[in-house]
Amino acid sequence: MSRGICPRVKSCGSFWILSAVIFAANVIDVDAYSCHEVRTAFQLRQVGPLHRVPETPGTDVDLLVCKHQGPSCCTRKMEESYQFAVKRETLHNIHSYSYELEHLLSGHSDAFQDMFQYLLSFSQGHLSSLLEGTYSSLSRHALPHVNQLFSSLSLYLRGANVSVEASVHQFFNNLFPLVYTRLINPGSIMTGNEMGDCLRMIRQDVNPFGPHPAVMAQELAGALGAGRQLGLALEEGLEVMNATEHVSLSKECVKGLVKMVYCSHCRGLTLIKPCVGYCLNVMRGCLASVSELDQPWRRYTSLLEQLTHAMAGHHSLELALLGVRGHVNEALLYAQLHGPLITATVDKVCGLSTGEPSSMQPTSPEVTTSSLTSSSPLPSATPSKPLPEQWQGQLAHLRSSFPLKPSKNNKHSLRTLSREFLMYLQRYRSFFAALPEMLCEGENVVDDSTCWSGDDVVESLMEATWSFPRSLCGLLTQPAVRLLVHQHRRHREVGNSYTQ
């Protein structure tokens, strides 16, 4: 801890003492009995009513915080104003730093959601183009179900109470009646709503689309789940940052801040700034409760990193969304390849025949569904023998590759956005622990050779290795202190004979 410049002089060269006394006397004659600089600072910093500042220093002032021997430009009313002002200024500085972090979280939360919506729209457009170009017979009736599927996925990513698996299976349930009457049995007519309801109800038991709906649901649930959790975690982080707006400063903290920031004004030293170490001690004491958030915050940032890697690592979410088109295409191919078995099963279960398919088909394979009752599960539509190879050749052209990347017009990919987010997040990992240091940097503390220690002016670079009589401290203005420091340096450079 540095010593003040005004303790009792134990040893001092006669030349130095004489210079200090003569110079201090000149200062007293010129400006020591004026509080003009204090009034100016009081007004510029909007501390309080200007009439509270006296014109000249008082000698017997009853102060509670800024106590010192000698004349003072402060009064009890000024101390009250200083307490309100320093509290306002400190909270403003805290909020300015927390706002940066809050902006980081909110900005990237919006950016991730925008990217999610872009990928959803991109995937939806390619699935719609598949249906319109390759399966035009059912596209007009299927597109509303496509819109419903991606609307549900969008709500899920935004945190709504929606199930991805249920949304995917509902999509294929609604798709089955259309596929059955337009692809498996083209030309057949759906008689009433009963047939459609029956087909939707038995879809998962008949399994007309093979394993593709379940695989698609599993992939989407895993990848979109990480994106959903990341969005929710960012929202929780914003709530934590909003809590910093309600940080309260104790009375002892406010007094310490006044002593650090404004007590130097009482002596006419309006330009002197606190020493760095002194500022850190005061701020750490004031923000002790906030610093307790350091470990929970570090765990929180680690969770954000894990979710971001799970979502964007290996392009997981992008591939899951962009793979929807391929899964739907494979599901429709599967249904056409297994059309005879599906038709036989539907006739048995729903009890209504929809007519023979107009396109050529082999003899329907034997389906062992002799005892289909409500108490027994419906059979899985697994063919008893492979279908003709010529069918597979005719339908092979429907399998087309799907791009794994969105349009090049989109400047930022999800991977790039995630990398940028993690880079910024790393900078703020120790935010709550480093907040006192942030508040004690820049213009808030000294960047010169002299600084305010709370009681006296000290030479920060020399750690107060020199001093002069305390009786002169209350009468010296800041220019006088700077000149004394300059003189002391020159004397010390000449030789030790002046300071021994």
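Guide: The model is predicted.

Visitor: Which residues of helix 8 are buried?

Guide: Helix 8 spans residues 251–261, and its buried residues are Cys-253, Val-254, Leu-257, Val-258, Met-260 and Val-261.

Visitor: What puts them on the same side of helix 8?

Guide: The arc they cover around the axis is only 165°, and therefore they lie on the same side of helix 8.

Visitor: What do the buried residues of helix 8 pack against?

Guide: Their packing partners are helix 3, helix 9 (276–286) and strand 1 (450–452).

Visitor: Helix 3 brings us to Ala-85. Why does Ala-85 count as buried?

Guide: Buried means under 20% relative accessible area. Ala-85 has 0% relative accessibility, so it counts as buried. The helix that holds Ala-85 covers residues 76–134.

Visitor: What is Ala-85 in contact with, leaving aside its neighbours within four places in sequence?

Guide: Val-47 and Tyr-262 are its contacts on that basis. As for Val-254, its C-alpha atom is separated by 9.7 Å from that of Ala-85, and the two residues are 169 residues apart along the chain.

Visitor: His-108 is also found in helix 3. Why does His-108 count as buried?

Guide: The relative accessibility of His-108 is 9%. The cut-off for buried is under 20%, so His-108 counts as buried.

Visitor: Which residues does His-108 touch, not counting those up to four places away in sequence?

Guide: His-108 touches His-103, Leu-234, Leu-417, Glu-420, Phe-421 and Tyr-424.

Visitor: Now the rings. How many aromatic pairs are there?

Guide: The count comes to 13 aromatic pairs, with ring centres within 6.5 Å as the rule.

Visitor: What makes the pair of Tyr-428 and Phe-431 tilted?

Guide: The centres of Tyr-428 and Phe-431 are 6.3 Å apart, with 40° between the planes. Planes under 30 degrees apart would count as stacked and over 60 as edge-to-face.

Visitor: Why is the pair of Phe-431 and Phe-432 edge-to-face?

Guide: Their ring centres are 5.1 Å apart and their planes stand at 85°. That angle is over 60, so the pair counts as edge-to-face. Phe-432 is buried, as is Phe-431.

Visitor: Which residues form one aromatic cluster?

Guide: Phe-171, Phe-172, Phe-176, Tyr-180 and Phe-209 form one such cluster.

Notes: Residues are numbered from 1 along each chain as its sequence is written. This is a predicted model: local features need pLDDT of at least 70, side-chain atom pairs count only at pLDDT 80 or more; totals for chains, interfaces and linings use all residues. Side-chain values use heavy atoms; hydrogens and water are left out. Helices (H or I, at least four residues) and strands (E, at least two) are DSSP runs, numbered from the N terminus. Buried means under 20% relative accessible area, exposed over 50%, partly exposed in between (1.4 Å probe, protein chains only). Contact means heavy atoms within 4.5 Å. The arc is that of the directions from the helix axis to the C-beta atoms. Rings of Phe, Tyr and Trp (its six-membered ring) pair if their centres lie within 6.5 Å; planes under 30 degrees apart count as stacked, over 60 as edge-to-face and the rest as tilted.
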